[in-house]
Amino acid sequence: MANLYHESLKQSTLYQSATQGGKDVDAFQYDLPRAMPSVYTDHHVKHIVSNLNFASSASVELSSFGILKELYIKWNVTWTNGTATAGKIIVAKNLFSTIVKRVALMNSSREIFQVYGDDILLKTRAIEDKGERAKWLLAGDANLQLYPAAVAAEAVSGQDHLPTKAKTIKQASSTNYTDNKTENNLTFYTKIPFSFFEGGIGQSNEPNKTNLNLRFLETTRLLIETNPAYYVACGGSGTEQPLKDLKIAKCEVYAHYNIPDPADMQLIEAQYSMDQPSSQLNGNTVLTEQGIATGTGETSHTVKVKVYNTNLATGFTVMIHGDRTKAKCQLLAAAVATGTSNGLDQIIVADGFGATGSAAAADTTAQLLNLQHCGKHSILSTGNSRIGDDFCQVTALKVSSSGRVLFEATDYKQLLFCTSNMTNWCDNIGHDQEVNFTMDRNGCSENNIYYIPFSLMKNANQLSSALALKGLSTVDVEITFNCVASTSYTAKVITNYAQITSIETNSGRIIQSTSN
């Protein structure tokens, strides 16, 4: 049978023509690749960050005994519940990113690379490997569950209705307990997605070649800037605040280092010349922000953000969220206590099912059909959504320069087509059902961050194409989004751009050679 098959194929003119240049048999030939050098990975090297609190900044010097492979931050946030009404606590979603305002890598007192909190959120959710992505979201407290006061009380009263009750947010008043059950102690982790590390969008696909060899560099420090405390947790309003001593109790930076065998390190370092700097392609980001005030009666608003930087842009990260204020968080915290923030009040109410066809029965049934929303806390009347999950639904987006359109999507779903293949952004709860399953009652969601690519390649160490902002007068990013009338919002455009950095091997200084 095999002979018949082979002989018949030889009669094919098409096959004979295709094989004139030879046949590819590599897939059937075994070839042992050359062995990798001997490399030891020193995991979890700790650096203690001193004197860092909310709405402040601090830096820490990184150890310099190897090739920097990965960086992450370990946060420990604590507070004690006050004596106000129990249950009035709101904790942000995606704590790993909401706590961060900005992180920068400094060399010779100059900032060389930077990444913003919202950028960390996008790039963590854009990790291609699903298991790796889930690991960092779980470790980063991406979605801590909050319950109404009546339900939360079960978690501290010896009942077993809630899983892992010791790990739930403790919402009771401190006057009810004397054994510190009302002290909250949250530990979570933030992965730092600098462009020279391994990753998806805006990071390297050849990290062993782009990771920084700190043996060569002058003192390298990591600068951390944090957001205000209510970006992480907030209690309800009143004469006695429910949260006491809310603080960053501990902050530590951990690094993984690759340390090759000395003989192998000599071979690796042979690429460096003392006569001229060693240059490489990587990426960086810069943020443009614009305040928005919606008008009376508006449910949709259009804003035009002008991008003035002259960098070689590989893409734009675009988002809009309501202004984040402590007053809004206090209102949402009070709604958590009653269950109105996520609709659980319809289920726990005594007459929830009432008579057949009653409004109460309809409300309860609607909430039971949408239980995936129990982690989404919002207030419809004021457009107030949980920080970290408060990005508005964009219904149209256009990028243009001098009236010429460079990119345009005319509705939300069309915008998904342009971004999700780059970011895996929509692979979370509700992604396989319908758009409404991913959003809260305001249409807000952690999904509503949009990446508009201008490069064919998504890795920072590959320059295939880009938008040269230097050759354009200005770039206008026009965004139409669903809104609430007479409310303040913030539009953000993060420019992801390519840059060449050079390392002076005789001095250990990193120089940003060019970015346009």
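Glu 128 forms a salt bridge with Lys 458, with the closest N and O atoms 2.6 Å apart; a salt bridge here is a side-chain nitrogen of Lys or Arg within 4 Å of a carboxyl oxygen of Asp or Glu. This pair links distant parts of the chain, 330 residues apart. Glu 128 sits in the loop between helix H4 (117-125) and helix H5 (130-139), and Lys 458 in the loop between strand S18 (450-453) and strand S19 (467-468). Helices (H or I, at least four residues) and strands (E, at least two) are DSSP runs, numbered from the N terminus.

This is a predicted model, in which local features need pLDDT of at least 70 and side-chain atom pairs count only at pLDDT 80 or more, while totals for chains, interfaces and linings use all residues. Residues are numbered from 1 along each chain as its sequence is written, and side-chain values use heavy atoms, with hydrogens and water left out.

Glu 128 is partly exposed, with a relative accessible area of 47%, and Lys 458 is partly exposed at 25%. Buried means under 20% relative accessible area, exposed over 50%, and partly exposed in between (1.4 Å probe, protein chains only).

The structure holds 18 salt bridges. Another of them joins the side chains of Glu 225 and Arg 102 (2.9 Å, N to O). Glu 225 lies in strand S8 (residues 220-226) and Arg 102 in strand S5 (residues 100-107), 123 residues apart. Both Glu 225 and Arg 102 are buried.

Glu 478 and Lys 304 also meet in a salt bridge through their side chains (3.9 Å, N to O). Glu 478 is in strand S20 (residues 475-482) and Lys 304 in strand S12 (residues 300-307), 174 residues apart.
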